[in-house]
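Please keep the sequence and the three-dimensional view at hand while reading.

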Amino acid sequence: IGGIPITSTVNGRPSQTSTMNYSDSVYALSYSNYFDRLFTDTIKNLGIGANLKYFNKTIATREGSAAGYSIDLGLQYQPETIPWLNLGLATQNLVGSGLIWGTGTQELLPMVMKLGGTVQILGDNAIKAAVQSLLLSTEYETRPNQANYPGQIHLGLEWKPYSIVAIRSGIDQAWKGENGTIAYSYNVTLGVGIRYQGFAFDYTYHPYGSLSENQAHYFAISY
């Protein structure tokens with residue numbers, strides 16, 4: 001972003017004195033595979049993945065520039081004897097340098113751990129075989145090195161009455177400031193998806209807090 005105005009007070013009134021530029025980039029190198037493909041006689045259906053991320057941020061001057069790296073690690077497991085269950089664990093910024101600014105200041109990146117799973121309630125390879133599909137997804141998110149931030153829970157449900165139509169709903173737990181402490185807001189989300197001959201349309205409604213101005217609508221079309 002270029003040409004951001006910088007203002008100061010001149011004769012008691014705000015006046016633009018100059019401009020500044022801002023940029024923020026992340027580059028990632030990713031790899032994933034299954035354990036039994038890497039090592040024989042190991043657990044089947046256990047996948048592993050990792051990201052090596054490089055950050056570069058610039059705010060106007062050399063002193064306002066920062067760079068650093070971090071590594072993400074993820075595991076996914078689908079038990080052979082429980083085909084309707086999938087489990088996952090992801091850790092963002094597991095290790096890394098943080099952001100090193102031109103002034104020498106180090107800004108640590110928060111470690112984020114997410115433990116989740118899906119349960120196929122109805123459909124193929126489900127708890128109960130059915131023409132319709134019903135999928136439940138859950139996720140617990142925590143920040144081990146930020147004890148003042150409580151864990152968050154995210155829930156989602158997808159119902160497919162027909163193979164081409166998906167109706168979705170969920171609860172997205174989020175942080176909010178309340179009386180000098182961190183509390184929760186519970187955002188109820190809604191969505192619908194349509195798949196037909198390779199085309200896909202998805203719509204999601206997601207409020208953020210209680211303000212009507214913070215309600216978001218997402219549309220996606222793909223082929």
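The sections below treat the basis of the model, strand pairing, salt bridges and backbone angles.

## Basis of the model

The model is predicted, and local features require pLDDT of at least 70, side-chain atom pairs count only at pLDDT 80 or more, and totals for chains, interfaces and linings use all residues. Residues are numbered from 1 along each chain as its sequence is written, and side-chain values use heavy atoms, with hydrogens and water left out.

Helices (H or I, at least four residues) and strands (E, at least two) are DSSP runs numbered from the N terminus. Two strands are taken to pair if DSSP finds at least two bridges between them. Strand E13 (residues 181-196) and strand E14 (residues 199-207) run antiparallel and are joined by 7 bridges. Ile194 has Phe201 of E14 as its bridge partner. The hairpin of E13 and E14 has 2 residues between the strands, and Gln197 in this hairpin takes a positive phi near 50°.

E14 also pairs with strand E15 (residues 215-222), in the antiparallel sense and over 8 bridges. Opposite Asp202 stands Ala220 in E15. As a general rule, side chains in a regular strand alternate between the two faces of the sheet.

A salt bridge is defined as a side-chain nitrogen of Lys or Arg within 4 Å of a carboxyl oxygen of Asp or Glu. The whole structure contains 5 salt bridges. In one of them, the side chains of Lys57 and Asp24 meet with an N to O distance of 3.9 Å. Lys57 belongs to strand E4 (residues 46-59) and Asp24 to strand E3 (residues 22-34), so this pair ties together parts that are 33 residues apart in sequence. For accessibility, buried means under 20% relative accessible area, exposed over 50%, and partly exposed in between (1.4 Å probe, protein chains only). Lys57 is buried at 18%, whereas Asp24 is partly exposed at 45%.

Another salt bridge links Asp72 and Lys53, whose closest N and O atoms are 3.1 Å apart. Asp72 lies in strand E5 (residues 61-77) and Lys53 in strand E4, so parts that are 19 residues apart in sequence are tied together. Asp72 is buried, with a relative accessibility of 8%, and Lys53 is buried, with a value of 13%.

What does the side chain of Asp202 meet in a salt bridge? The partner is Arg168, at 3.0 Å from N to O. Asp202 is located in strand E14 and Arg168 in strand E12 (residues 165-178), so the pair ties together parts that are 34 residues apart in sequence. Asp202 counts as buried at 18% relative accessibility, while Arg168 counts as partly exposed at 24%. Through salt bridges that share partners, Glu158, Arg168, Arg195 and Asp202 are joined into one network.

## Asparagines with positive phi

Asn93 is not a glycine, yet its phi is positive, at about 55°. Asn93 is part of strand E6 (residues 85-96) and is buried, with a relative accessible area of 14%.

Asn125, also a residue other than glycine, has a positive phi near 50°. Asn125 sits in the loop between strand E9 (112-122) and strand E10 (133-142). Is Asn125 buried or exposed? Asn125 is exposed, with a relative accessible area of 56%.
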